[in-house]
Amino acid sequence: MDLMKSVFEIGIIPVIAIDDPDKAVPLAKALVAGGLPAAEVTFRTAAAEESIRRICAEVPEMLVGAGTVLTREQADRAIAAGSQFIVSPGFNPDITRYVLEKGVAMMPGTATPGEMEQAMSMGLNVVKFFPAEQNGGVAKLKALAGPYGNLRWMPTGGVNTKNMMDYLNFDRIIACGGTWMVKKELIENEQWEEITRICKEAVKTMLGFELKHIGINCANEEAAVQTAKLFCTVFGFDYKAGNSSIFAGSAVECMKQPYLGSLGHIAIGTNNVERAEAYLRRQGIAFNEDSRKRNPKGKTVAIYLQEEFAGFAVHLVQK
């Protein structure tokens, strides 16, 4: 498993401080049910090590890491418990080097260019940015993106459902860390359904699914022209001819020859096709690999689902 790829695909990493290891597994299951199968369990509490051990054993689909790791001893305990990655609030060269020498992924906290350069000198290309909002937010990261072309960040601190897209819409952000879906009182009161609801809300915002257009399979180019012009005449849509289809406005695409789908296709826009694909795969949805389209940077910008919906093929498309 490419761990950083998994972090990117999940997109939001809940940061958990848990006092009772008996609550660790139901909490993990609530996160999975909400579409966020990941957790950074912080060593701010004595229950962290045991909580990590239980989650790893009983909820194997979870991506589990340890946060607020400040000492070698904590790092050893976290790794022994099953942590797949280690996160620290600040940049400690000794701890960072120690974890890397253990062969475990490390995301040290950074806030300044100097700290980021030190991390890069150790071979890291992903670091935590903490506390994000208090240190200039996404505007600062965009300013740093030029000189540090290979560096990606996981901002944590002040990130929530309302502002996370400011970060996630920047392609140098690997994921956002946050505590808003796992507040201490929610865990203490065992409000698992509420945690799941908040997670679902965050995932819905992150993916941003919306109907973009409907494609109609026309018999030939002449039929596509006639159909598109009919929509344009009746509804005042703009007529726009392309190589393989004709658009009537932005909502109706008339195919010059039948393509995927018995009747046509439905395009669902999303903020990030790769994250959306990973999310849907976790729900058991299969994809038509032959339909994958990438941009010049290699990023997937469109892909069809394997299954038809009521005679229509369905594909994801980058907004």
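Biologist: Hi! Where should I start looking?

Modeller: Start with an open sheet of 8 strands, in the order E11-E12-E13-E10-E14-E17-E16-E15, with mixed pairing. Strands pair here if DSSP finds at least two bridges between them. Helices (H or I, at least four residues) and strands (E, at least two) are DSSP runs, numbered from the N terminus.

Biologist: Before we go on, what kind of model is this?

Modeller: This is a predicted model, in which local features need pLDDT of at least 70 and side-chain atom pairs count only at pLDDT 80 or more, while totals for chains, interfaces and linings use all residues. Residues are numbered from 1 along each chain as its sequence is written, and side-chain values use heavy atoms, with hydrogens and water left out.

Biologist: Thanks. Which are the edge strands of that sheet?

Modeller: Strand E11 (239-241) and strand E15 (287-294), each of which pairs on one side only. From one strand to the next, the twist averages 20°. The angles are taken between N-to-C directions and run from 0 to 180 degrees, with axes as lines fitted to C-alpha atoms, for helices over the stretch in contact.

Biologist: Do E10 and E14 run parallel or antiparallel?

Modeller: Antiparallel: 6 bridges join strand E10 (residues 210-217) to E14. Gly215 is opposite His265 in E14, and Ile214 is opposite Ile266.

Biologist: And how many bridges does E14 have with E17?

Modeller: E14 and strand E17 (residues 312-318) pair over 7 bridges, in the parallel sense. There, Ala267 stands opposite His315.

Biologist: How many residues of E14 are buried?

Modeller: 5 of the 7, so E14 is largely enclosed by the rest of the structure. Buried means under 20% relative accessible area, exposed over 50%, and partly exposed in between (1.4 Å probe, protein chains only).

Biologist: OK, new topic. What is the order of the 6 strands in the other open sheet?

Modeller: The order is E5-E4-E3-E2-E1-E9, and the pairing is parallel. At its edges are strand E5 (105-107) and strand E9 (176-178), each pairing on one side only. Neighbouring strands of this sheet are turned by 25° against each other on average, direction ignored.

Biologist: How many bridges join E1 to E9?

Modeller: 3 bridges join strand E1 (residues 12-16) to E9, and the two run parallel. Ile13 is opposite Gly177 in E9.

Biologist: What about E3, how many of its residues are buried?

Modeller: 5 of the 5 residues of strand E3 (residues 63-67) are buried, so E3 is largely enclosed by the rest of the structure. Leu63, Gly65 and Gly67 point one way, Val64 and Ala66 the other way, and all are buried.

Biologist: How does the chain get from E2 to E3?

Modeller: The chain crosses from E2 through helix H3 (residues 48-58) to E3, in a right-handed β-α-β crossover. Right-handed means that, with the strands pointing away from the viewer, the path from the first strand over the helix to the second runs clockwise. Strand E2 (residues 38-42) pairs with E3 in the parallel sense over 5 bridges, and the bridge partner of Thr42 in E3 is Gly67.

Biologist: And which strand does E3 join through 2 bridges?

Modeller: Strand E4 (residues 85-87), and the two run parallel. Ala66 stands opposite Ile86 in E4. Between E3 and E4 the chain crosses through helix H4 (residues 72-81), and this β-α-β crossover is right-handed.

Biologist: Switching to aromatics, how many pairs are there?

Modeller: The count is 3 aromatic pairs. Rings of Phe, Tyr and Trp (its six-membered ring) pair if their centres lie within 6.5 Å; planes under 30 degrees apart count as stacked, over 60 as edge-to-face and the rest as tilted. Ring pairs also link Phe231, Phe235 and Phe237 into a cluster.

Biologist: Why is the pair of Tyr259 and Tyr304 edge-to-face?

Modeller: Their ring centres are 5.8 Å apart and their planes are at 75°, so the pair is edge-to-face. Tyr259 is partly exposed, with a relative accessible area of 43%, whereas Tyr304 is buried at 8%.

Biologist: Last one: how many disulfides?

Modeller: The count is 0 disulfides, where a disulfide is a pair of cysteine sulfur atoms within 2.5 Å. The sulfur of Cys232 is 8.0 Å from the closest cysteine sulfur, in Cys254, too far for a bond. For Cys254, the nearest cysteine sulfur is that of Cys218, 4.8 Å away.
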